[in-house]
2 protein chains.
Amino acid sequence: MHIGRDFNYDLWRLLDITRGLIYKLRERELMKYKVSMSAVIILHTILILEEKAIQARIAEYLFLEPHSVSEMLSKMEEKGLINRIKDQKSKNMIRIEITEKGYDLYLKSTQRESYNDILSVLTEEEKTNLWTILSKLRKKAAESLDIELSQMYPPLDSWAPTEPSEKK
Amino acid sequence: MHIGRDFNYDLWRLLDITRGLIYKLRERELMKYKVSMSAVIILHTILILEEKAIQARIAEYLFLEPHSVSEMLSKMEEKGLINRIKDQKSKNMIRIEITEKGYDLYLKSTQRESYNDILSVLTEEEKTNLWTILSKLRKKAAESLDIELSQMYPPLDSWAPTEPSEKK
């Protein structure tokens, strides 16, 4: 039985495992606040979306299945991190609001030593290159999936490279 | 309520979402073979590890929880993709072997149009840069988690960049 080497495949696997390792480190860091990675990401998203924070929009923003977001929101509501509020105008619309307790937890979670520590091994130029390369991959993947990129985090313009990394 | 911007955080989120989008595309591609991403990755791993393919080693190789690997292997055994074989020497040791059906499926899965299509937006130089940058991040993350990097896929030496990407 033969296994061929495939550089594109190896590159994907490297991306996947690197993400997995960093994810694990961040999860460990968040354990001290007794909060999951997904809860923290949803808190962040609610703060960004403000009055547009409804379940469907959050799912789109995070590229998650609506039912997963729904489950997460129920758990977060139980813990008193968010409230689901019926919209005054359209009663079918449920807006998600962050509570004081949720906001406190969000603020604590912005201590992101895990990310800072890992990314400290890169030069500024490498970070810019990584940003540029990942942006290209995300754009292509979103097109293939027929997803509107402007509906996702991080926004396209969130990091304008100081120097274009492509030279020709 | 204030949300600060944090470039390291945004870079992580970009990495995470890009991985998620590519994952989704690959999953869709694999649907035509009625096989999951994890099953294909485990088949590939069994082929690489050969006679060293035991459950604990596979879990380590893929940075997965042993119980997740165990569940996956049970499903794959039911589908006739693998066999669990008691080792001749130490009866407690269960080796995983790929079946003819499993190998056929693996071969089909090496049609990786999804990855090739996405990565076609990068120049060779960008691919090399991405490899170098991710390797640095993986090394740092593995050290922080106290994991032996040589036990993971892809191997360190699997892609020697033709040109060093760092210039000073």
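This is a predicted model: local features need pLDDT of at least 70, side-chain atom pairs count only at pLDDT 80 or more; totals for chains, interfaces and linings use all residues.
## Helix α7 of chain B

Helix α7 of chain B covers residues 124–145, so count them up and you get 22 residues, spanning 31 Å from the first C-alpha to the last. At 1.5 Å a residue you'd expect 32 Å, and the helix comes close to that.

What happens just after α7(B)? There, B:Asp146 takes a positive phi of about 60 degrees.

## Where the two chains meet

Now for the contact between chain A and chain B. Chain A puts in 72 residues, and chain B puts in 71 residues.

## Charged and polar links

How many salt bridges are there between chain A and chain B? The count is 10. In one salt bridge, the side chain of A:Asp16 meets that of B:Arg19, with 2.7 Å from N to O. Across the interface of chain A and chain B there are also 20 residue pairs in polar contact.

## Chain A's side of the contact

Which elements of chain A give two or more residues to the side that touches chain B? They are α1 (7–31), α2 (37–49), α3 (55–62), α5 (100–109), α6 (113–119) and α7 (124–145) of chain A. The largest share, 20 residues, comes from α1(A).

Sort the residues on this side of chain A by type and you get 42 nonpolar, 11 polar and 19 charged.

Notes: Residues are numbered from 1 along each chain as its sequence is written. Chains are lettered from A and ligands numbered from 1 in the order in which they are written. Side-chain values use heavy atoms; hydrogens and water are left out. Contact means heavy atoms within 4.5 Å. A salt bridge is a side-chain nitrogen of Lys or Arg within 4 Å of a carboxyl oxygen of Asp or Glu. A polar contact is a pair of N or O atoms within 3.5 Å; within protein, one must be able to donate a hydrogen and the other to accept it, and residues adjacent in sequence count only if both atoms are side-chain atoms. Helices (H or I, at least four residues) and strands (E, at least two) are DSSP runs, numbered from the N terminus. Ala, Val, Leu, Ile, Met, Phe, Trp, Tyr, Cys and Pro count as nonpolar, Asp, Glu, Lys and Arg as charged, and the others, Gly among them, as polar.
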